[in-house]
Amino acid sequence: MQIEGLIPAIVQDFYTGRVLMLAYVNQESYDFMQQHGETCFWSRSRRELWHKGATSGNVQKIRSMAFDCDQDTLLIQVEQTGQGACHTGSMSCFGDEAGAFHILNQVYTQIAERQANPKEKSYTNYLLDQGLDKICKKIGEEATETILAAKNGDPTQLAGEVSDLAYHVLVLLFTQGMSIQDIQAELARRHQVQGNLKTPSEKGRY
């Protein structure tokens, strides 16, 4: 593909669909991305190539790139690493622009905050203090209550129980040093989400 001048590039989170940023691409930066598999733009202010994350460590690993119908805008789906896409430290340059996992990320962040800054009478701190056995026991209890809610045919009750289960699973992930992105990556691998992902094993297929 030959690019004339500069074209806008929309950068999107590969796993959630969240819009992360907008930048500009020329032929040189496009060729760099094709060769290295990481985002690279043309900085209009510095008038030079800008390899995203080269200094900050917030590299964007490209999963797919596609031009729009007019061939004058580029959509880049990435696996965002580090703190996020924005120079302010936020995941997205558009602030709280939502993604499919936005609320889960918020809850996970609050769990991490409770660990760093304990709060009196915090249930999260109680779980973290009690440790793995207590957390796993609660997950078992919430899973059972989720099943009962489904059997009762009550959507409101079911939504509440699934939310309780999800919260406790997030606490478990945090204590194990895992993130939501780890689960997103595994689900994407199993479902062969568009992009250059490895083919999952037969065991991993749904």
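1. The crossing in which H3 passes H5 is right-handed. Note that this is a predicted model. Helix H3 covers residues 123-130 and helix H5 covers residues 155-175. Their axes lie 11 Å apart, and the packing angle is about 50°. H3 and H5 are therefore oblique to each other.

2. The contact of H3 with H5 can be listed by residue. From H3 come Tyr123, Thr124, Leu127 and Leu128, and these meet Tyr167, His168, Val171, Phe174 and Thr175 in H5. By class, the residues of this contact are six nonpolar, three polar and no charged.

3. H5 also packs against helix H4, residues 132-152, with an angle of about 160° and axes 8 Å apart. Angles over 145 degrees count as roughly antiparallel, so H4 and H5 are described that way. H4 passes H5 in a left-handed crossing.

4. On the H4 side, the residues that meet H5 include Leu132, Ile135, Ile139, Glu142, Ala143 and Ala149. On the H5 side, among them are Leu158, Glu161, Val162, Leu165, Val169 and Leu172. The contact of H4 with H5 has 13 nonpolar, five polar and five charged residues.

5. What is the strand order in the open sheet of four strands? The order is E2-E1-E6-E5, and the pairing is mixed. Strand E2 (19-25) and strand E5 (60-67) are at the edges with a single partner strand each, so one side of each has no neighbour in the sheet. From one strand to the next, the twist averages 25°.

6. Helix H1, residues 27-36, packs on this sheet and touches E2, E5 and strand E6 (74-80). The direction of H1 makes about 120° with that of E5.

7. Strand E1, residues 7-13, pairs with E2 in the antiparallel sense over six bridges. Within this pairing, Gln12 has Val19 of E2 as its bridge partner. The hairpin of E1 and E2 has five residues between the strands, and Gly17 takes a positive phi near 80° there.

8. A further hairpin is formed by E3 and E4, with four residues between them. Strand E3 (residues 40-43) and strand E4 (residues 48-51) run antiparallel and are joined by four bridges. Trp42 stands opposite Leu49 in E4. Which residue in the turn has a positive phi? That residue is Arg47, with a value of about 55°.

9. The structure holds five aromatic pairs. In one of them, the ring centres of Tyr30 and Phe67 are 5.6 Å apart and the planes are at 55°, so the pair is tilted. Planes over 60 degrees apart would count as edge-to-face. Tyr30 belongs to helix H1 and Phe67 to strand E5, so this pair ties together parts that are 37 residues apart in sequence. The pair can be read together with point 6, as H1 touches E5 when it packs on the sheet.

Conventions
Residues numbered from 1 in each chain as written. Predicted model: local features only at pLDDT ≥ 70, side-chain atom pairs only at ≥ 80, totals over all residues. Heavy atoms only, no water. Pairing = 2+ DSSP bridges. Helix = DSSP H or I, 4+ residues; strand = E, 2+ residues; numbered from the N terminus. Axes fitted to C-alpha atoms, helices over the stretch in contact; angles between N-to-C directions. Contact = heavy atoms within 4.5 Å. Parallel < 35°, antiparallel > 145°, perpendicular 65-115°, else oblique. Left-handed = near helix turned anticlockwise from the far one by under 90°. Nonpolar A, V, L, I, M, F, W, Y, C, P; charged D, E, K, R; others polar. Phe/Tyr/Trp six-rings, centres within 6.5 Å; stacked < 30°, edge-to-face > 60°.
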